[in-house]
Amino acid sequence: MNTKRLTIAESAAAAEILRRGGLVALPTETVYGLGANGLDAAAVRRIFEAKGRPQDNPLILHIPDAGWLERYCLDVPELAYWLAAAFWPGPLTMILRRRPIVPDATTGGLTTVGVRCPRHEAALAVIAAADVPIAAPSANTSGRPSCTTAADVLEDMDGKVDAVLDGGPCAVGVESTILDLTVTPPRLLRPGGLPLEELQRVCGTVAVDEAVTRQMGEGEHPRAPGMKYRHYAPKAPVTVVTGEAERSAAYIRAQITPSGGVICFDEYAPLFAQYPVQRLGSAADKGEQARRVFDALRAFDATGVTEIWAQCPDNAGLGFAIGNRLKKAAGFHVIDADGEEGRV
Ligand code: TXA
Ligand code: MG
């Protein structure tokens with residue numbers, strides 16, 4: 001298959017491909033998504049094939065506004081509308097009970113469905129023109145870091161999808177925050193581009209699912225099926241070092257072997273001049289760290305490093321999502337430079 005490159009001015013062409021059952025990779029504010037008509041089971045199955053994604057891992061439906069919630073979801077609580085008013089369009093996915101019109105292929109057979117309204121003009125234009133909800137997982141090959149540019153998408157999906165709509169680099173860089181609204185209190189299934197603190201402001205108490213902070217074992221069933229899979233992982237094993245930045249840098253400096261690589265805050269890059277280094281951005285700039293984290297993980301695959309050491313921000317704000325992606329890439333192999341080993 002020849003993968004077409006479309007510009008953001010070509011939303012009508014992208015919508016036409018989607019309406020005919022094709023696959024289009026689309027930019028969103030978080031990461032690129034691999035889109036198909038979410039009501040068309042055959043089209044959705046092609047997403048799973050292109051990504052090599054396990055069939056039990058459900059997809060998020062992308063909709064243009066909260067007015068579409070009732071079409072695809074049952075028993076929508078008032079809280080969903082408050083959250084939509086506060087954060088949509090934006091990096092929040094809500095898990096709600098699904099209506100039968102949403103095919104099993106999209107929800108992995110679950111009785112719930114994830115929905116979100118992306119904050120991206122081109123994505124919204126495509127959804128409006130297609131006039132169907134767009135099912136879209138992140139556009140990476142299953143298990144690889146998510147894609148934040150059209151070039152990343154082509155690296156994984158060239159020849160496997162009908163088109164890629166190039167919207168430039170993604171503004172947020174980590175995927176949406178996932179909140180399960182079918183339980184009380186609402187439960188965070190994945191930290192993401194919308195900080196937990198923002199959700200707490202609207203919801204009050206928010207429970208944090210255990211799959212967010214530890215590796216799920218064989219036979220365990222996290223509420224977000226995707227959280228059980230090894231994810232975002234470069235070829236070389238990753239060790240995340242948490243704790244105060246100066247101490248984590250010193251720890252890595254002491255432990256790294258000659259064939260190691262480093263993901264670090266800009267300020268500490270000079271310490272690792274003789275190693276392949278991916279800078280995350282300044283230690284104080286979590287926005288930049290979020291935009292850089294997947295690229296940093298991807299970049300090592302083109303080098304010969306045999307181990308990767310990563311500094312990690314604290315859990316406040318976007319730090320929760322950035323740290324989660326690094327820790328997942330590390331299979332939750334985490335060392336705390338401030339003390340206790342293995343604390344997450
Ligand atoms: O920012 C994002 O959310 C991006 C962009 C493209 O919108 N999409 C994305 O999709 O990250 P994906 O498929 O890579 O991650 C979705 C996660 C998976 O872990 C999946 O298991 C979980 O959401 N999920 C989807 N539907 C669910 C449901 N009904 N119940 C629980 N978890 C669900
Ligand atoms: Mg993904």
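**Note on a predicted model**

1. In this predicted model, E29 sits in the loop that connects β2 (24-26) with β3 (33-37). Is E29 buried or exposed? E29 is buried, because its relative accessibility is 2% and the cut-off for buried is under 20%. The side chain of E29 makes a polar contact of 2.9 Å with the side chain of R116. Apart from residues up to four places away in sequence, E29 also touches a group that includes G90, P91, P118, H120 and C170.

2. V172 is among the residues that E29 touches. V172 belongs to the loop between β9 (163-166) and β10. With a relative accessible area of 10%, V172 is buried. Beyond its neighbours within four places in sequence, V172 has contacts with E29, T30, R119, G193, G287, A290 and R291. Between V172 and Y32 there are 140 residues of separation in sequence, and their C-alpha atoms are 11 Å apart in space.

3. The largest pocket comes next. Its volume is about 790 Å³. The pocket is lined by 47 residues, and R53, N57, P58, I178 and G226 are the closest of them to its centre. By type, the lining of this pocket holds 19 nonpolar, 17 polar and 11 charged residues.

4. Which strands supply at least two residues each to the lining of the largest pocket? They are β4 (60-62), β6 (92-98), β7 (112-116), β10 (177-180) and β11 (187-190). The most comes from β7, which gives 4 residues.

5. Ligand 1 is surrounded by 27 residues, of which T30, N57, H62, S176 and G226 are the closest. N57 and G226 are also named among the residues closest to the centre of the largest pocket. A polar side-chain atom of H62 is 2.6 Å from an oxygen atom of the ligand. For G226, a polar backbone atom lies 2.7 Å from an oxygen atom of ligand 1. In S138, an N or O atom of the side chain is 2.8 Å from an oxygen atom of ligand 1.

6. V277 is part of strand β15 (residues 277-279). Its relative accessible area is 26%, so V277 is partly exposed. Setting aside neighbours within four places in sequence, V277 is in contact with V262, C264, A269 and F272. V277 and G167 are 110 residues apart in sequence, with a C-alpha to C-alpha distance of 27 Å.

7. Some backbone angles deserve a look. Most residues other than glycine have a negative phi, and most peptide bonds are trans. Where are the cis bonds listed here? One joins W88 and P89, with omega about -10°. Another joins T184 and P185, where omega is also about -10°. P89 is placed in the loop between α4 (78-87) and β6, and P185 in the loop between β10 and β11.

8. Two aspartates have a positive phi. For D75 the value is near 50°, and for D131 it is about 60°. D75 lies in the loop between β5 (73-74) and α4, and it counts as exposed because its relative accessibility is 56%. D131 lies in the loop between α6 (121-130) and β8 (134-135). D131 is partly exposed, with a relative accessible area of 47%.

Technical notes. Residues numbered from 1 in each chain as written. Chains lettered and ligands numbered in written order. Predicted model: local features only at pLDDT ≥ 70, side-chain atom pairs only at ≥ 80, totals over all residues. Heavy atoms only, no water. Buried < 20%, exposed > 50% of the residue type's maximum accessible area, 1.4 Å probe, protein only. Polar contact = N/O pair within 3.5 Å; in protein donor to acceptor, adjacent residues only side chain to side chain. Contact = heavy atoms within 4.5 Å. 1 Å grid on protein atoms, 1.4 Å probe; cavity = no way out; pocket = protein on both sides within 12 Å on 5 of 7 lines; lining within 4 Å. Points joined across faces, edges and corners; volume = space filled by probe spheres on them. Nonpolar A, V, L, I, M, F, W, Y, C, P; charged D, E, K, R; others polar. Near = heavy atom within 4 Å.
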